[in-house]
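Thanks for asking me to look this one over with you. Here are some notes to read alongside the model.

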Amino acid sequence: MDYVFTILILIGLFVILASSFDLVIGHCGLISIAHPIFYAIGAYISAMLSKQSGMPIPLSILCGGVGALLASALVAVPALRVSGDYLLIASIGFQLGLIELAKHFHEIGGAGGLTNIPSFLIKDFGRESYVVLVLVLAVATVLFIRWLTQGPYGRMMTAMRDDELAFSMLGRNAIWVKVAVFAIGSGIAGIAGGLYAHYFRFLEPDQFGLLQSSAVLTMVVVGGMRTTMGPVIGAIVLQLMPQIITFFNLPPSILGPLQGLLFTGLVLFFMFVRPQGLLPAADLWVGRNRDGDAGHSRKEARS
Amino acid sequence: MTKQWGLKSTVGLALALALSTGAMAQQTSYKFGLAMPLTGGQATYGNDQVKAAEWAVDEINKKGGINGKKLEMIVLDTQADPQVGIQSVNRMISVDKVAVFVTAWSGVVKAVAPIANDNKVVELSVGANSPDISQLGDYVYTTFPLADVDIRAVANYSAKDMGKKKAAVLFINNETGIGSATVYRDTFTKAGGQVVAYEAYDQKATDFTGPLLKIRAANPEIIHLQGLVAESPQVIAQARQLGITVPITSYSGIYNQKLIEQLGAAAENVIATSLAPGVEDSPLVKDYVDRWVKDVGRAPNGLPYTQYLYDAPALIAAVFTSLDKKGITPTGENFRKEMLAIKSFDLPLTGKITFSEDHTVNKPVYLVEVKNGKWTKKAVVGQ
């Protein structure tokens, strides 16, 4: 059963990651792909605090989240003051630089990785309890982001994303909104990182690099940007697909290339065939779709 | 909405599980897992190692398997990535119910160690050489000598047998580079030599003139280079261009045909190590390499590593055969006990292996040197 538990936990974690990433890149329109580094910061802070100072794990996970939040604000404030595109460069620089730095710090395991991270819940209540914890937090994250984006704050984000100049003319501070959203999204990723660390008990700097960035980005794009359920579906599909393939009992000479082509193939397919993702965001396609759909259903009702 | 999608994912998982139970039903075979990078940056090595293991399993089954029962190998991809490795190993243990699995690449070996220990399933690390692998827990063993074995042999050989008094150490600034460079420095100093230069270069560097000039100024009699397969030829080429002609030693990573192809004459006087017997040492290895050339059309990438991978199924088969004879259920716990009870195994391509108390193995180190454009055997150290 461990296998199913691991998959469920990874699905839960990636739902959190993809949803919070969609908040940043989709809802708020901030171009940054450095999301995994905040996941890493949360993971490392939580692991080190609980391992070295024996801090209770729920508290250390929370500290990891706060650490990621503060770190993201640190990157965002100077980068956003210049202009939006600089955030992309600054955040990638921050991500790759921090990974390189982590490789040379032997206190946190260096390039060889951090081992013997204390586990949480599993010993007392079994692995099921951790699955429940992660899935509950995943649902909570999705609901929180839905609440955030569909309320007045969401309307504010949409207004800023669509026309920053007009938004500023209304007397609103665009930079403050951007920094806040970036920090919230990154803080959530940090908490996911803590959850990862205490279940898998091993962290390596390289696993939080650009490969993971592209994986999370693919989840958001495939699922559907700027929707509540899009990133959720993207995370589930992209976590399950590679696993399902292994059950076809293919020889390794086929299995390998197939796994490798899966991500690339999906991205290409969606770019050409369905750029809006599995679930299209309502505001983009509203005119055409609503009329078409309404007409259809009326006709069907009559016949 | 949430409910609907929850349902869908549950159905998907149920389907996945249903597919797998079909394979679990039969009890007439013995299974083990192999988790290797089939995709990603390390795939060129991973795929060749998997091929070697596949040949070995075929060979074992042709010769009657495990007392007439089939030996089955479950191969899954790790991408040499800890997280993917965890998923693969979890699958092998939960779905395929393996009692033992083979894996490599230090990051993956370390990441899956808690799973092996928690589930009481034996993890055999075959090819990773990070020294802390020996301390990963009761169920983690290596059949591959860890980093310090060959570095120590090279340092001792340089100081004692080659009579070098002044050495320079040039290493890549990462975990393995720093670790191995320290081992070399300490061993060489202990053997009566003196380390006159100790220089590091950055992981992504392409120009090594700075550290090389410092080394040239120190005027060493021998240089030890501790780099990766990727940039080591560049380092050697630049050293030779700067007029540094002293012998350069390194480790098993640079022992491949490509080095000579890339460097040509500059490769002369480069000494590498190999932790497995070469073509000249054993007729079985010669047959094995000939088979590669015949079936695949080239020599394997990282020959010594594939030799170890070829031998892993033989070791596993030996333990299973012994368990089968005694009628003991092949659980991970029993496998571990039986493996430690047998203790010494005679393997076709890498020779004898003995599991020691501290979860390491000791092997002789083969030194090879480039002479007239060919890797030639120089010495055998240890054992």
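1. Let's start with the domains of chain B: domain 1 covers 2–145 + 289–349, and domain 2 covers 148–274 + 365–381. These bounds come from an automatic or database domain assignment. Between the C-alpha centres of domain 1 and domain 2 of chain B there are 34 Å. Six residues from domain 1 of chain B and ten residues from domain 2 of chain B make up their contact; here two residues are in contact if their C-beta atoms, placed from the backbone, lie within 7 Å. On the side of domain 1 of chain B that touches domain 2 of chain B, four residues are nonpolar, two polar and no residue is charged. (Ala, Val, Leu, Ile, Met, Phe, Trp, Tyr, Cys and Pro count as nonpolar, Asp, Glu, Lys and Arg as charged, and the others, Gly among them, as polar.)

2. A word on the conventions: this is a predicted model, in which local features need pLDDT of at least 70, side-chain atom pairs count only at pLDDT 80 or more, and totals for chains, interfaces and linings use all residues. Residues are numbered from 1 along each chain as its sequence is written, while chains are lettered from A and ligands numbered from 1 in the order in which they are written.

3. Now find the open sheet of chain B, where seven strands follow the order S7-S6-S8-S9-S10-S13-S14 with mixed pairing. Strands are DSSP runs of E with at least two residues, helices are runs of H or I with at least four, and both are numbered from the N terminus; two strands pair if DSSP finds at least two bridges between them. Strand S7 (194–201) and strand S14 (374–381) of chain B each have a single partner strand, so one side of each lacks a neighbour in the sheet. S14(B) runs antiparallel to strand S13 (residues 365–371) of chain B, joined by seven bridges. Glu369(B), for example, has Thr376(B) in S14(B) as its bridge partner.

4. Which residues meet where the two chains touch? Chain B gives 37 residues and chain A gives 32 residues to the contact. Elements of chain B that give two or more residues include helix H1 (2–24), helix H2 (43–62) and strand S2 (70–77).

5. Finally, visit Cys28(A), in the loop between helix H1 (2–27) and helix H2 (35–52) of chain A. Cys28(A) is buried, because 24 other C-beta atoms lie within 10 Å (buried means 20 or more, exposed 12 or fewer, partly exposed in between, with C-beta atoms placed from the backbone). Beyond its neighbours within four places in sequence, Cys28(A) contacts residues including Met157(A), Arg161(A) and Val181(A).
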